[in-house]
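Notebook open, structure loaded. I want to go through the fold piece by piece and jot down what I look up.

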Amino acid sequence: MKKYRFLYPAVFIKEEDGSYQVMFPDLDLYTDGQNSSEAYLYAKDLLRVYFNYALKYEVEYNKPTAIEKLIEKCKPNEKVMYVDAYVEAE
């Protein structure tokens, strides 16, 4: 099996109640968490599952946008971070 590593920028949006929404703009994927740590772990898992299926079913996907472009567009309650995922596929 071949191992792949995917690295994509994600926008973490802090809500008024302290929870976080997470968006992968390049992949049109969304998740959330009760706090930043939970949101980050869910984002990693979402990315892993997405690419596991994308490789398995040969789905085309967008390349990651430069993180600087996303940072420029951020609002005060938003932060951009890289999230990575490791996937094994044949």
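**Strand 1 against strand 4.** I started with Phe12 and looked for the residue across from it: Phe12 stands opposite Lys79 in strand 4. This is a predicted model, so I'm reading computed geometry throughout. Strand 1 and strand 4 run antiparallel, and I count 12 bridges joining them.

**Strand 1 against strand 2.** Next I checked the other pairing of strand 1. Residues 2–14 (strand 1) and residues 20–24 (strand 2) pair in the antiparallel sense, with four bridges. Here Lys14 stands opposite Tyr20 in strand 2. Five residues sit between the two strands of this hairpin, and Gly18 there takes a positive phi near 95°.

A reminder to myself: strands of a sheet pair through backbone hydrogen bonds, either parallel or antiparallel.

**Where the helices come in.** I listed the elements: the protein chain has two helices and four strands. Along the sequence they follow the pattern β-β-β-α-α-β.

**Thr31.** I picked a residue in strand 3, and Thr31 lies there. Is Thr31 buried or exposed? Its relative accessible area is 17%, and the cut-off for buried is under 20%, so Thr31 counts as buried. Setting aside residues up to four places away in sequence, Thr31 touches Tyr20, Gln21, Val22, Ala39, Tyr42, Ala43 and Leu46.

**Nonpolar cores.** Which residues have the most contacts inside the largest nonpolar core? They are Tyr8, Phe12, Phe24, Leu27, Leu47, Phe51 and Val83, in a core of 17 residues. Strand 1, strand 2, helix 1 and strand 4 each supply at least two residues of this core. Helix 1 gives the most to this core, namely five residues. I then listed the partners of Phe51: Phe6, Tyr8, Leu27, Tyr61 and Val87, not counting residues up to four places away in sequence. There is also a second, separate core of five residues, which includes Val11, Ile13, Leu70 and Val80.

**Cys74.** I found Cys74 in the loop between helix 2 (67–72) and strand 4. Its relative accessibility is 25%, so Cys74 counts as partly exposed. Leaving aside neighbours within four places in sequence, Cys74 is in contact with Lys79 and Val80. I also took a distance to Tyr42, 32 residues apart from Cys74 along the chain: their C-alpha atoms are separated by 21 Å.

**Positive phi outside glycine.** Two entries for this list. Asp28, in the loop between strand 2 and strand 3, has a positive phi near 55° despite being a residue other than glycine. Asp28 has 55% relative accessibility, so it counts as exposed. Glu58 is not a glycine either, and its phi is positive at about 55°. Glu58 has its place in the loop between helix 1 and helix 2, and with a relative accessible area of 71% it is exposed.

**Overall numbers.** I left the totals for the end. Does the radius of gyration agree or disagree with a compact globule? For 90 residues such a globule would be near 12 Å, and the protein chain has 13 Å, which agrees. The C-alpha trace spans about 45 × 25 × 15 Å along its principal axes. Of the 90 residues, 33% count as buried. The accessible surface comes to about 6,300 Å², and 49% of that belongs to carbon and sulfur atoms. I also looked at contact range: among contacts with a separation of 6 or more, residues 24 or more positions apart account for 57%.

Methods
Residues are numbered from 1 along each chain as its sequence is written. This is a predicted model: local features need pLDDT of at least 70, side-chain atom pairs count only at pLDDT 80 or more; totals for chains, interfaces and linings use all residues. Side-chain values use heavy atoms; hydrogens and water are left out. Two strands pair if DSSP finds at least two bridges between them. Buried means under 20% relative accessible area, exposed over 50%, partly exposed in between (1.4 Å probe, protein chains only). Contact means heavy atoms within 4.5 Å. The radius of gyration is taken over C-alpha atoms; the globule rule is 2.2 Å times the number of residues to the power 0.38. Accessible areas come from the Shrake-Rupley method with a 1.4 Å probe; for residues, only the protein chains shown count as cover. A nonpolar core is a set of buried Ala, Val, Leu, Ile, Met, Phe, Trp, Tyr and Cys residues joined through side-chain atoms within 4.5 Å.
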